[in-house]
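Dear colleague,

I am passing a structure on to you with this message, and my notes on its side-chain contacts follow directly after it. Please read them with the coordinates open.

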Amino acid sequence: MGKSRARRFRRAPFSPAGPEQRRDGEGGPEEEPAAELLEKLQHPSAEVREYACASISKLLQQKHVIPAFLQRDVVRCLGPLLMDHSLAVRETAAGALRNLSACGGFEVCDDMVTKDIMTPLVALLKECSTGLDANQLSPKKCRDMNKNYIEDIANEAINLLWNVCECNNTAVYIFNKEGCLEAVLHYMKKFSTNVDLAISVANCLQAVTEDNPDLLSSFNASAQQVLETVMLCPESTMKHILLRTLIAGTIWNIKDTIPPGSLGSMVNAILKIFSESLAIDAGEMIISMNEAEKKRLKLAAEAETEENMSDVMDNCVLSEDDDMEEIPKGKVGRENDISDLLPSDKWELKEVTALLMAQQTALEIIVNMCCSEDPSDDEWEELSSSDESDLFMENSYNEGSGLLMSPLCLSDEVNSAFLNNLIPKKILEKTGFPNSVALDICMHNPSWKPLIKKLNAVQCRALTCLHSILLVSDVDCLGGASALQSLAQHLSQLVFSKTEFPTDTEFLEAITSALRALLQTMASKNISQCMTPEQLLALCEAGIHSSNASVRVNVVSILGISGSVLAKGQDTAETLKMIGKFLLEVAMKEPSLVVAGEALDALFDVFADGKEAEKAAVQIKLLPALKEFQPVFKMRMRKEGKGQYSTDQLCVLDNVKMNLRRFIAYQETLGKTPT
């Protein structure tokens, strides 16, 4: 039903418990009832309050437990503890609320804001910001003098702020009104010594700056200088690459504050950061980091063996000399050492995770850069019906860089930044399946297994990027007909190279969206398509059974595009009959009116013109089938339309209904025309 729309990424929902699950209270009694734990929050002993917060924090990671705590007003019980006189209690209380917001989802975040969690949270953030540079803390408030409580509390609080602002507009309004930006940016200045805190701040900043024009005036020269300093930091760890990527996304969100003369250099700096992360082969990094982890663990085990042997020898010597003072067991060089209580360091895994998060974030932002505005359906209809040459911006083709991109919404100066950083070529590389050796490593290592989902997410985002590129780029800028045919072969291999047809919904939506845009571009320029009719029908047969309506819309549209091309050829009537029967069945049996409407639209395209199409239409009795279906479609629109579909969708369906009447009239004239 018209040109496919570019998908604009919203900020992805946060993962439960933030980037890393909190481990507060590990080993605590999970079966302890909510009422008893909440009661302990009022205990005069700070240690008891801390224990209760830590136990609640752990329990809240289990979604089925959350309702019991909500019924007992956990938000109002924990909220005041954000300003507890004990810093340890503040941290565990913030951690518990962070887990509640992350694991509870949007409705819980709304409830937290309704119960005024923002008042103590804002107070905590501002107080931490004020004390961030203090060299000393009150011993009465600090149990462990080697721990930086202020920064750790700030990290929990920032993650909580990020979660609620992600879900709730009131939280964002309070963020603006209370001037939280200044405090948050103050935390960012710690990026050189605490990159984890800086990453939390960057995630929060990217969330609160999205579609928030009221905040733009707060980004003065000083605030922009903080962001610029982080973008230019030279550290090459994956965490720093992730940090720079997130900051680049924030700067894109506030681009309206950038002077027009600096826009080109700003975008070039952003894309340079994206290029840096996309250039890294995540599969190869998994392999190398896994080897590094094995070596580290082996050395640690050998060192522990040597230490144990040394302890045995020391004990033997001590037992021989009764006059020698005995050294208390466990006190040799281990004062304040709690490493035995902590999980083993997973820095290699954290580095790979940071890389994949950086790549996914970069790809999502690039999609938004290709379509920075979200035009109305009327505007898209106008775009669909206008001369395509008016849609594309002048651009040169940079030989050797492969597929290129010319974003519709950006200036020529900015477009050149995409080309200079070879962004499209790197996107195309990410559309392939993940490295099989890396996947095998992840499959057989429980702690690395979650990376598989992240690897697949990067591939899907790259395919969505490709879809956006195809929507806004001219054929010449894409590399010409041969490049598009090669791309069609590449996408076909992604679909058909496996022994079983892909079933992952996210992948199917991404790959069918890219294929739809590609085939539409090729058809509009009369470029021969590489997919066989058998492949197309196989794709559509599988895709039409997807639970995702977008996948079903895409495969129906793909069939319509390919069928309209076949209708212009010779001896294609038999294939057109198969396509026609398939589309008719979808139109009549599809539960979604949107998909049914797309199927009708596809039928109009396939059988609009051509002798082969006329022959096939007669043989499948297209005209009587549509005449019989017309009143059924009208009735479905009356019964199902209101309440189930948006105003925009109903407008499109009204056009389909009108086109159905016109198409039937057209087919009737064909039947009266002498042969």
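How does Asp 654 count by its relative accessibility: buried, partly exposed or exposed? At 38% relative accessibility, Asp 654 counts as partly exposed. Please keep in mind throughout that this is a predicted model.

Because Lys 657 and Asp 654 are three residues apart in helix 29, about one helical turn separates them. Lys 657 is likewise partly exposed, at 30% relative accessibility.

Arg 90 counts as buried, at 6% relative accessibility, whereas Glu 127 is partly exposed, with a relative accessible area of 34%.

The other is the salt bridge between Glu 668 and Lys 627, at 3.1 Å from N to O. Since Glu 668 belongs to helix 29 and Lys 627 to helix 28 (residues 622–644), the pair ties together parts that are 41 residues apart in sequence. Glu 668 is partly exposed at 30% relative accessibility, and Lys 627 is partly exposed with a relative accessible area of 42%. There is also a network of salt bridges, which links Asp 73, Arg 76, Asp 111 and Lys 115.

Turning to the aromatic side chains, the count comes to five aromatic pairs. In one of them, the rings of Phe 433 and Phe 507 have their centres 5.6 Å apart and their planes at 35 degrees, so the pair is tilted. Phe 433 sits in the loop between helix 18 (423–430) and helix 19 (436–443), and Phe 507 in helix 22 (residues 505–524), so that the pair links distant parts of the chain, 74 residues apart. Phe 433 is partly exposed, with a relative accessible area of 32%, while Phe 507 is buried, at 5%.

The pair of Phe 604 and Phe 663 is also tilted, because the ring centres lie 5.1 Å apart with the planes at 35 degrees. Both residues are buried, Phe 604 with a relative accessible area of 8% and Phe 663 with 6%. Together with Tyr 666, Phe 604 and Phe 663 form one aromatic cluster.

Finally, Lys 255 lies over the face of Trp 252, at 4.3 Å from the ring centre.

Methods:
Residues numbered from 1 in each chain as written. Predicted model: local features only at pLDDT ≥ 70, side-chain atom pairs only at ≥ 80, totals over all residues. Heavy atoms only, no water. Phe/Tyr/Trp six-rings, centres within 6.5 Å; stacked < 30°, edge-to-face > 60°. Helix = DSSP H or I, 4+ residues; strand = E, 2+ residues; numbered from the N terminus. Buried < 20%, exposed > 50% of the residue type's maximum accessible area, 1.4 Å probe, protein only. Lys NZ or Arg CZ within 6 Å of the ring centre and 35° of its normal. Salt bridge = Lys/Arg side-chain N within 4 Å of Asp/Glu carboxyl O.
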